[in-house]
2 protein chains.
Amino acid sequence: MPILEAIPNYSEGRRPEVITAIISCFSRPGVYLLDAHSDQDHNRSVISAAGEPEPLLEALFAATAEAARLIDLRRHEGAHPRLGATDVIPLVPIEGLTMEDCVAYSRVLGARIGGELAIPVYLYEHSATRPERRNLAEIRRGEFEGLPARLKEPGHEPDYGPAAAHISAGATVVGARRPLVAFNAYLDTDRLEVAKAVAKAVRASSGGLVGVKALGLAVPDQGLVQVSMNLVDTEATPIQRALELVQIEAASYGARVIKTEIVGLVPEKVLLEAARFYLGLEGFSPGQVLEIRLKEAAVHG
Amino acid sequence: MPILEAIPNYSEGRRPEVITAIISCFSRPGVYLLDAHSDQDHNRSVISAAGEPEPLLEALFAATAEAARLIDLRRHEGAHPRLGATDVIPLVPIEGLTMEDCVAYSRVLGARIGGELAIPVYLYEHSATRPERRNLAEIRRGEFEGLPARLKEPGHEPDYGPAAAHISAGATVVGARRPLVAFNAYLDTDRLEVAKAVAKAVRASSGGLVGVKALGLAVPDQGLVQVSMNLVDTEATPIQRALELVQIEAASYGARVIKTEIVGLVPEKVLLEAARFYLGLEGFSPGQVLEIRLKEAAVHG
């Protein structure tokens, strides 16, 4: 049975009744709610749900309709940039699906949101129809408030739906992407410049590792600093390589990684691959993991 | 749904039709054949199967009956010590079962083999009814050939079945135990004495780590030696601690672990725990693994 994951972001993090109404759209057979997190400062909620593609896409459409009904961006304020009531819907292949399958699902969902809800939809990441649309930040530039003006610019036509912003729900970004791992390494120093320098050394945008985004942040209540990473392509750059490079770069400033954390969910194979690396296992296959073998045996008879 | 694993050992590794007949006992709803390995020198086959306790116990009983019908230990020779046609049946708790549950299952299975097949049954490991019966090697001492004499000794009465050996099928040992991980570390030397000294340092029986059995072996075709370990209690001694101690002890002889291997199956949490250790993850929970969360969500609705 193929498994698709979606991590939709909604521009409401304060009104519990609105958040509950959106979450309830994911209560249907074949769909599993994995996580839901609302941030009051960001005024934003992020939901993780997974399941069979058809009912999950149905749930995502229903939640987008509900968000458009209940959220009015003209009265929305929050620290996080946003373009729409349903701001972005990433689709991630988990089991038995290719990235191309997910791109196809993003088109089906995008066309339906555009056509039935009259919300402009942009495709991003692997679903992008133009190179400049791969990047969410670029699509979202100007945010909800700047959308009417941007929609009039040539080359900014949406992929689906009307070429005018939805008056209260703005626009929605949909696309297929790889699983993302939020991985933070804490350094035993309070010098923010060290965290910033290490982040700069490890992130792809400034000469570091492919598929790594990184920022240096202060963690004053612990007297530490943090290299906060998003690993957006753990096939290309596994978690252990990111950690080892952070260790090496930090050492050049006399600092050390004293602990790390994974925020949210992580695909099983990311941790199995880390175990294989550090244990030095030769000829290891995930089929040797009892629970995985059992699942395969149950599926294939 | 609770999941029990069994790793029964049969004293036949050469006649394919016998092996096939035994394996076919595990083809039934609710039971999954995970692995089957036959060794010609040992003249022995080891099967891994898992599933719901009731059908798995049914399959184990059927396979024991089939082995008694097809194997005559009076004409059996092989390098591995053996007491019966079905030599030993370890039961391992995998999901939703305690060790006590597995002890209860071993009693049910043992009583049935003793009663219906007239094969003497000894309970071992966590199921043992006397301290000296915890150890399989101790129960098996004298092997099939010595069994009639040993059965006459006071204190050697079987736990179930007749107090006389089955004429062709001998006796069978049944019991609950923890999952076992077969883990080998290769050292970059051909000095067997180094592997033996390291094995001695790390194994429980000579002052090393609790739950670790170890032997030093030559691997002449690779010009290496191997510390061959059985980790019989990975809750007490996790795989990474065994590896790190092997590294430290080997270093004192100027040797290094250059690769390792896991033979057969390994419980998922053993590798997740190794990943947690080496990545330095703080506050990590297995529920953060997407596939585990998905399974939990599917079970609990």
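Colleague: Which residues have the most contacts inside the largest nonpolar core?
Modeller: A:Ala49, A:Ala242, B:Ala49 and B:Ala242 do. That core has 177 residues. Keep in mind that this is a predicted model.

Colleague: Take B:Ala242. What is B:Ala242 in contact with, leaving aside neighbours within four places in sequence?
Modeller: The list is B:Phe183, B:Val202, B:Leu209, B:Val212, B:Met229, B:Leu231 and B:Thr237.

Colleague: Now the two chains. How many residues does the contact take from chain A and from chain B?
Modeller: It takes 37 residues from chain A and 37 residues from chain B.

Colleague: And which elements of chain A give two or more residues to that side?
Modeller: One strand is β3 (31–39), and another is β11 (257–263). The helices are α7 (239–251), α8 (268–279) and α9 (290–300).

Colleague: Which one gives the most?
Modeller: α8(A), with 7 residues.

Colleague: How does the side of chain A that touches chain B split by class?
Modeller: There are 26 nonpolar, 5 polar and 6 charged residues.

Colleague: Why say the copies meet through the same surface?
Modeller: Because 100% of the interface residues of chain A are also interface residues in chain B.

Colleague: New topic. How is chain A divided into domains?
Modeller: Domain 1 covers 3–176, and domain 2 covers 181–266.

Colleague: How far apart are the C-alpha centres of those domains?
Modeller: In chain A, they lie 29 Å apart.

Colleague: Why is A:Arg14 called partly exposed?
Modeller: Because 17 other C-beta atoms lie within 10 Å of A:Arg14. Buried would need 20 or more, and exposed would need 12 or fewer.

Colleague: What does A:Arg14 touch, not counting residues up to four places away in sequence?
Modeller: A:Gln40 and A:Asn43.

Colleague: And what separates the C-alpha atoms of A:Arg14 and A:Tyr122?
Modeller: A distance of 26 Å. Along the chain, these two are 108 residues apart.

Terms used
Residues are numbered from 1 along each chain as its sequence is written. Chains are lettered from A and ligands numbered from 1 in the order in which they are written. This is a predicted model: local features need pLDDT of at least 70, side-chain atom pairs count only at pLDDT 80 or more; totals for chains, interfaces and linings use all residues. Two residues are in contact if their C-beta atoms, placed from the backbone, lie within 7 Å. Helices (H or I, at least four residues) and strands (E, at least two) are DSSP runs, numbered from the N terminus. Ala, Val, Leu, Ile, Met, Phe, Trp, Tyr, Cys and Pro count as nonpolar, Asp, Glu, Lys and Arg as charged, and the others, Gly among them, as polar. A nonpolar core is a set of buried Ala, Val, Leu, Ile, Met, Phe, Trp, Tyr and Cys residues joined through C-beta atoms within 7 Å. Domain bounds come from an automatic or database domain assignment.
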